[in-house]
Amino acid sequence: MKKLIALLAALLLALSCVGGALAEDDITLDVIICQYGPNTQEWFLGKGMNGTNFVEKFEAENPGVKLNLEVVSWNDVYTVVSTRISNNNAPDILNIDVFADYAAEGLLEPVSDYCPEELYGDFFPQFIAQSVLDDTVWAVPDLASARALYYNVDLLTEAGVEKVPETWAELEDACQAIVDFYGGDVYPWGVDMTTDEGQAAFAYYVWGNNGGFVDEEDNWTVNSDANVEAVNYAIGLVNKGYTNPNPATQTRYDLQDMFAAGKLAMLIAPNQLPTIIANSGNEINFATADIPHNEGASSGSVGVMDRVMAFKDTTLNEEETAKRNEAIGKFLTFFYKPENYVGWVSMEDFLPAVNSAVAALVEANPAFEAWLNVLANAKFYPTAKPEWNSVKQGVINVEQNALTGGDVKTLLDELQATLTK
Amino acid sequence: MDTILVRRKWEPYLWLLPSLILMTVFVVFPILIVFKLSFSEISRAGTVGGFVGLNNFKAAVQDKAFGTVMKNTAVWVVSVVGISTLLGFIIAMALNSEFRGRKIARSIVVFPWATSLVIQASAWNYIIKYEYGNLNNVLLNLGILKNAVNWRASYQIEFAWECGVGIFVTIPFVTFCVLAGLQSIDAAYYEAATVDGAGFWKKLRHVTLPLVRPSLTVSTVLNIIYVFNSFPIVYTITKGAPANKTDTMVTLLYMRAFYDQQKGPATAMSVIGFVILCIVAGVYMIMSMRGEEDL
């Protein structure tokens, strides 16, 4: 018995030495990356980076830093992150769209604590500004996309629409012309008011009517007169039969498929749509234009941006935190290196978030330049406000209630009341 | 002698121990955690705070969608369990009779059960699609329709489709439970009833139904639980849209927890659902057992 105890003690001692040695030399970063498309998993963990992958390449170039990287689908990522936070097991690095809830609850490290200065200076300043809460930057942008109006040139021409609609009135005229010519065979206008992306529909119309989610002082104004008018206009398009028949359940992906199949004449979609159409095997004659707006208001694209952020690890002491932050800095530096980042952004057809990638991307695809200009004038959701998530779901709820006959003003007033109480 | 007695006394518990440990770890423990969470403050990011009394329950009950969703859940459970039990029973009776190709028919009935619910729901989603749906294509090609029909013209119709898919995937389970019960009935009972001059309906009422009742009780109680907790069908077809009007309790609490970041009220809803299920399943079991005792 004594021999057994002695053996166990020796084993434990040996193991603790090994553990100590590991802790001293290596640091492992827990990383969650969102799945942007079919190539994400391959690029990070498979063979999608010229026969190797991000993790292998990173670990080879950064000895002492290991990555425990997981690619999670967008459908699951909120559930995964929230469960991990509840279990005090937040990842070290997270790639997601929102950050304000985490920052407001003191769960994030400020970017200045881990992001090397040279890299920080490389980010587009208007993107960095989207991740500021209480004068602190809490996340860095990883990529972006911008939205524009896509229209099927042939369908519009055949229906006698000579001018691409710029205003809401012109849009209605074009829709009516398409209905008159094609009957129910072609939907004139695509609307997605689903739980997937109904907030985008809200943004397209309220921003096209000089309304918005917030006022100049950054206070919520979801029930402004301009917003009420804009949502009523959008619901009116549905009720007049100008749109796809089920906007509450037909997602943007459904609309994109319809557009690629020549079943939908116009829709607002991101810069990836040309690739989607090319991959669909359909050949349609399409072009892009500014998103239509109300008479007297201005058009603006909707920009969508995702982020990378680092969670605090309260179990570490000061020295360990410094070491961990240095490792996070190495991760970011490696990720945004043009030789890696350009491949990442162009692989899934996104727009870049750093200046150093622009030249290479434009050289590879000249169409990028026009989209970068669109992005420069794009408006972004107010994701830096902790209530954003409630507002996002709230406006979708308003749209869906309005689709079943609810009064837009009453619904928006109710939503506003929940934000100001 | 004593050792054998002691061993006999403890042996059953020893055999049960692995199941008990598994149930404790994977069933009892999570239930207790959910109960604890339902009385705790949970932030939007997911951090668990202190005790908040009944606040989460108040918020859950005061949720604007709660009334609609309770009504939907009742319609969903009653229609899916009720209709699938009736149809499953009829199919089981048919499959219990002798006919050529019975084995093939039994295999076909099991298909919907053997396929994942998400795949089933996605397949139905495509079938009833307006633009490229198989249903419209088939009916148009057969000349039954002249123009495509929007099979999802309103949320009431969409919810009816969801119930229909629920019934379709639940029938096999009922069928096989009842079939097992039917096969265990001794043919002598039917022979005796025939001698006494009983026809089909009398045999059904006085022989088949009483003897199949234990199987029906098992399938109904399990179905109430499965159907109440069923998530994939509603989530895949409508995600509760528009504005929670096609949500059931389980899909609503998921949306509240992971879309709206209202995890406290969501856990309270899951506790409310658990209690409702315990009561409904308990009452049904007690009533059925009383019925059996009366036999």
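## Strand β8 of chain A

Strand β8(A), residues 264-270, is mostly covered: 7 of its 7 residues are buried. Buried means that 20 or more other C-beta atoms lie within 10 Å of a residue's own; exposed means 12 or fewer, partly exposed lies in between, and C-beta atoms are placed from the backbone. Strands (E, at least two residues) and helices (H or I, at least four) are DSSP runs, numbered from the N terminus.

This is a predicted model: local features need pLDDT of at least 70, side-chain atom pairs count only at pLDDT 80 or more, and totals for chains, interfaces and linings use all residues. Residues are numbered from 1 along each chain as its sequence is written, while chains are lettered from A and ligands numbered from 1 in the order in which they are written.

Two strands pair with β8(A); pairing requires at least two DSSP bridges between them. Strand β6(A), residues 140-152, runs antiparallel to β8(A) and is joined to it by 5 bridges. Here Tyr150(A) stands opposite Leu267(A). Strand β7(A), residues 187-189, runs parallel to β8(A), with 2 bridges. Trp189(A) has Met266(A) as its bridge partner.

## Helix α12 of chain A

Helix α12(A) spans residues 252-260. It is largely enclosed by the rest of the structure, because 7 of its 9 residues are buried. Among them are Arg252(A), Asp254(A), Leu255(A) and Phe259(A). The cover over the buried residues includes β6, β7, β8 and α13 (273-280) of chain A. Gly262(A) follows α12(A) and has a positive phi, near 75 degrees.

## Packing of α10 and α11 in chain A

Helices α10(A) (198-207) and α11(A) (225-239) pack at about 115 degrees, with axes 8 Å apart. Axes are lines fitted to C-alpha atoms, for helices over the stretch in contact; angles run from 0 to 180 degrees between N-to-C directions. The crossing is right-handed. That label applies if the near helix is turned clockwise from the far one by less than a right angle, and left-handed if anticlockwise.

From α10(A), Ala201(A), Phe202(A), Tyr205(A) and Val206(A) take part. They meet residues of α11(A) including Ala226(A), Asn227(A) and Tyr233(A). Contact means C-beta atoms, placed from the backbone, within 7 Å. By class, this contact has 9 nonpolar, 1 polar and no charged residues. Ala, Val, Leu, Ile, Met, Phe, Trp, Tyr, Cys and Pro count as nonpolar, Asp, Glu, Lys and Arg as charged, and the others, Gly among them, as polar.

## Backbone exceptions

Most residues other than glycine have a negative phi, and most peptide bonds are trans. Asn50(A) has a positive phi, near 55 degrees. Asn50(A) sits in the loop between α2 (40-45) and α3 (54-61) of chain A. It is exposed, with 8 other C-beta atoms within 10 Å. Asp135(A) also has a positive phi, about 60 degrees. Its loop lies between β4 (132-133) and β5 (136-137) of chain A. Asp135(A) is exposed, with 5 C-beta neighbours inside 10 Å.

In chain B, the peptide bond from Ala241(B) to Pro242(B) is cis, with omega near -5 degrees. Pro242(B) lies in the loop between α10 (232-237) and α11 (249-258) of chain B.

## Chain B and its interface

Chain B holds 12 helices and 2 strands. Its C-alpha trace spans about 85 × 70 × 30 Å along the principal axes. Of its 295 residues, 32% count as buried.

At the interface, 21 residues of chain B contact 26 residues of chain A. The chain B side divides into 9 nonpolar, 6 polar and 6 charged residues.

Key: Contact = placed C-beta atoms within 7 Å.
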